[in-house]
Amino acid sequence: MRRASLLYEAHIEDREQKAYAIDPDFFRTPAMNAEDWKGPNFELRHVFTRTAAHGFHHRVCDQRGYHQASTQCSCRLCSQHCPTRLSPNCMPLFKETHSMNFYANDENFQ
């Protein structure tokens, strides 16, 4: 095989591994299901991207402070196990209790 073909195959394998490593819940976040935040001057862009990046687990988990999700985590909204990102069951509760902007604001969690 030619060197270019080997490099191409390695690149494709690397991309497939990265895609496989993405948490499926990531694709349920508002940033992945809406396009308007990508437009110019969208005021809450940081909220959409933060939600997609780390899911605000540390905001809704009964364990205070930023931490990695574990089996001991429990959601303050639904009292169920609290995964890294909000589960689809919690998203309606998340939206009912406060806005995404509220959860993004550090001053609300001191």
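This is a walk through the helical protein shown above, from its overall make-up to a few individual residues.

Let's begin with how the model should be read. The structure is a predicted model, in which local features need a pLDDT of at least 70 and side-chain atom pairs count only at pLDDT 80 or more, while totals for chains, interfaces and linings use all residues. Residues are numbered from 1 along each chain as its sequence is written, and side-chain values use heavy atoms, with hydrogens and water left out. The mean pLDDT (the predictor's confidence in each residue, from 0 to 100) is 79 for the protein, and 87% of its residues reach 70 or more. Where pLDDT is low, the predicted coordinates should not be read in detail.

Now to the overall picture. The protein has 6 helices and 0 strands, where helices (H or I, at least four residues) and strands (E, at least two) are DSSP runs numbered from the N terminus. Its elements therefore read α-α-α-α-α-α from the N terminus on. Of the 110 residues, 29% are buried; here buried means under 20% relative accessible area, exposed over 50%, and partly exposed in between, with a 1.4 Å probe and protein chains only. The accessible surface comes to about 7800 Å², and carbon and sulfur atoms hold 51% of that surface. Such areas come from the Shrake-Rupley method with a 1.4 Å probe, and for residues only the protein chains shown count as cover. As for contacts (heavy atoms within 4.5 Å), residues 24 or more positions apart account for 37% of those with a separation of 6 or more.

Side chains of opposite charge can pair when their charged atoms come close. A salt bridge is a side-chain nitrogen of Lys or Arg within 4 Å of a carboxyl oxygen of Asp or Glu, and by this rule the protein has 3 salt bridges. One of them joins the side chains of Asp14 and Lys18, with an N to O distance of 3.4 Å. These two residues lie 4 residues apart in helix α1, so about one helical turn separates them. Asp14 is partly exposed, at 33% relative accessibility, whereas Lys18 is exposed, at 53%. Another salt bridge links Glu35 with Lys38, whose closest N and O atoms are 3.3 Å apart. In this pair, Glu35 is exposed at 56% relative accessibility, and Lys38 is partly exposed at 47%.

A further bridge runs between the side chains of Asp106 and Arg59, at 2.4 Å from N to O. This pair links distant parts of the chain, with Asp106 in the segment after α6 and Arg59 in helix α4, 47 residues apart. The side chains of Arg59 and Asp106 are also joined by a polar contact of 2.4 Å. A polar contact is a pair of N or O atoms within 3.5 Å; within protein, one must be able to donate a hydrogen and the other to accept it, and residues adjacent in sequence count only if both atoms are side-chain atoms. How accessible are the two partners? Asp106 is partly exposed at 48% relative accessibility, while Arg59 is buried, with a relative accessible area of 7%.

Not counting residues up to four places away in sequence, Arg59 touches Arg64, Arg76, Tyr103, Ala104, Asn105, Asp106 and Phe109. Phe109 lies in the segment after α6 (100-104) and is buried, with a relative accessible area of 19%. Leaving aside its neighbours within four places in sequence, Phe109 is in contact with Arg59, Arg64, Arg76, Phe102 and Tyr103. The C-alpha atoms of Phe109 and His58 are separated by 9.7 Å, and the two residues are 51 apart along the chain.

Finally, have a look at the backbone in two loops. Asn41 has a positive phi of about 60° although it is not a glycine. Asn41 sits in the loop between α2 (30-33) and α3 (45-54) and is exposed, with a relative accessible area of 75%. Ser79 is not a glycine either, and has a positive phi of about 65°. The loop between α4 (57-60) and α5 holds Ser79, which is exposed at 56% relative accessibility.
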